[in-house]
Structures are given as structure tokens and as C-alpha cells.
Amino acid sequence: RNHMQISICGTPGSGKSTVAKIIADKLKYKYYSVGALRRKMAEKRGLTIYEFNQLKEDTDTEFDNIQKKIGEKEDNFVIEGRLSFHFVPKSLKFFFKSDMGKAAERVFKDQRSSEKKYNNIEEARKEMQERMDNDKRRYKMHYKLDPYNEKQFDYVIDTTEISIEEVVDKVMKTIDWESGKSTD
């Protein structure tokens, strides 16, 4: 399982960060979260992640370049972000998707202090849908890409009805199978 780059992308609330962290841990790989990097930068500027995403500056380019560099210079890492599959082209590309209702429940239950607080599940669902639409618009404009098009990924996992452990298990089995394939 050496010389591997793994990217995990997907819809909001599909378990991307949680699974990416666990996988990196199990493999003793480095873990990168583009979302966490963006949140840190937003906080530094005293902005919410939503306000930060509205900035028409070169913030996107900066994150694109960070990801490209990681992909070119490093091995044995898990990177999680909307466009990681694109900027780390040699990575094994996973896409997680989840029913929006279920995802909103998850996000509502597991609210991070740094993000805005939702008053109810419906509010979480609406905001997540808005974020996806906003992403689609932004990425279509900047990159001519739809980050939610499943055809761009090696493996698609629907996480709606399965536990985090089961998702981790599926990903690990796939990684083992892929690394077995690539040994001479």
C-alpha cells in the first residue's frame, strides 16, 4: 500500500471528512482537508466559510495550487476536498454521495463550532443544497467542471444507509484491491 494518493470528494454531509481521517490514520498516511484549510483562512479574516466562498479573489487559485503541489511532491496521503480529484490526477478517486435529507440530519447532529449553527434539519438541508448549487456555478465558471459528476471518479459509494465503519471498510477493501493490482 505504498506510493498511493487517495482523494475523497462528494456531497455535503456524506461523511467525507470523517472517513478520510480514519483512512489516513489506518494507513498511517498524511491527511489533508481543503475544507479545513479554507475554514482556517476564513477564520483568520474573521469571515464565515460562506462569506469566504463569496470572495472573488484568488483564494480558489491558492487552494488549487496547494493541492497540485501536494499531488506532485508527495505520496501516501489522503486529501479531501471538492476538486481534489481534479488537482491530484494520479489519486485513487472516491466519491461519496448521500441522500440530502439524511445528510442534513447528520450535519445537524454533528455541528462544528466554527460553522454557522442550524436551528433545524430543514435549515441545514436548504443551506447544503444552496452550497452545492453555489459550488456547481463557481466550478463551472472557473474550471468548466461539475464537482458532483460521478463519472469523474474511480469509485462511488452511497453512504446514505450505511455506517461510517462500513464506508471505511469498503474504502479499505478497495485500496487493498487497487494496491494488489499495481504490484508487479
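**Figure 1. I23 and its neighbours in the predicted model.** In this predicted model, I23 touches V78, V168, V171, M172 and I175, leaving aside residues up to four places away in sequence. I23 belongs to the largest nonpolar core, which counts 19 residues. Within that core, I6, I23, V78, F94, F96, V171 and I175 touch the most other members. As a general point, nonpolar side chains tend to be buried together in soluble globular proteins.

**Figure 2. Q5 and what its side chain reaches.** Q5 sits in strand β1. Is Q5 buried or exposed? At a relative accessible area of 5%, Q5 is buried. A polar atom of its side chain lies 2.8 Å from the backbone oxygen of G71. The backbone oxygen of E74 also lies 2.8 Å from a polar atom of the Q5 side chain. Setting aside residues up to four places away in sequence, the contacts of Q5 take in I70, G71, E74, D75 and F77, along with V88, K90, S91 and L92.

**Figure 3. E74 again, this time with K30.** Here E74 forms a salt bridge with K30, and the closest N and O atoms are 3.5 Å apart. E74 is in the loop between α4 (59-73) and β3 (77-80), while K30 is in strand β2, so the pair ties together parts that are 44 residues apart in sequence. Both partners count as partly exposed: E74 has a relative accessible area of 24%, and K30 comes in at 47%. Zoom out and the structure holds 6 salt bridges.

Figure 4. Which residue forms a salt bridge with R82, with the closest N and O atoms 2.7 Å apart? That's D135. D135 lies in helix α7 and R82 in the loop between β3 and α5 (84-87), so this pair ties together parts 53 residues apart in sequence. D135 and R82 are both buried.

**Figure 5. E122 and R125 on helix α7.** The side chains of E122 and R125 meet in a salt bridge, 3.1 Å from N to O. Why are these two about one helical turn apart? Because E122 and R125 are 3 residues apart in helix α7. E122 is partly exposed at 39% relative accessibility, and R125 is partly exposed too, at 28%.

**Figure 6. E51 in helix α3.** E51 is found in helix α3, which covers residues 49-54. Its side chain reaches back to the backbone nitrogen of T48, at 2.8 Å. E51 is partly exposed, with a relative accessible area of 39%. For a sense of where this puts E51, take M132, which is 81 residues apart from it along the chain: their C-alpha atoms are separated by 15 Å.

**Figure 7. Positive phi at K28.** K28 isn't a glycine, yet it has a positive phi, near 60 degrees. Where does K28 lie? K28 is in the loop between α1 and β2 (30-33). With 74% relative accessibility, over the 50% cut-off, K28 counts as exposed.

**Figure 8. Positive phi at K144.** K144 is another lysine to look at, with phi near 55 degrees, again a positive value in a residue other than glycine. K144 is found in the loop between α7 (121-143) and β5 (155-158). The relative accessible area of K144 is 71%, so K144 is exposed.

Methods. Residues are numbered from 1 along each chain as its sequence is written. This is a predicted model: local features need pLDDT of at least 70, side-chain atom pairs count only at pLDDT 80 or more; totals for chains, interfaces and linings use all residues. Side-chain values use heavy atoms; hydrogens and water are left out. A nonpolar core is a set of buried Ala, Val, Leu, Ile, Met, Phe, Trp, Tyr and Cys residues joined through side-chain atoms within 4.5 Å. Buried means under 20% relative accessible area, exposed over 50%, partly exposed in between (1.4 Å probe, protein chains only). Contact means heavy atoms within 4.5 Å. Helices (H or I, at least four residues) and strands (E, at least two) are DSSP runs, numbered from the N terminus. A polar contact is a pair of N or O atoms within 3.5 Å; within protein, one must be able to donate a hydrogen and the other to accept it, and residues adjacent in sequence count only if both atoms are side-chain atoms. A salt bridge is a side-chain nitrogen of Lys or Arg within 4 Å of a carboxyl oxygen of Asp or Glu.
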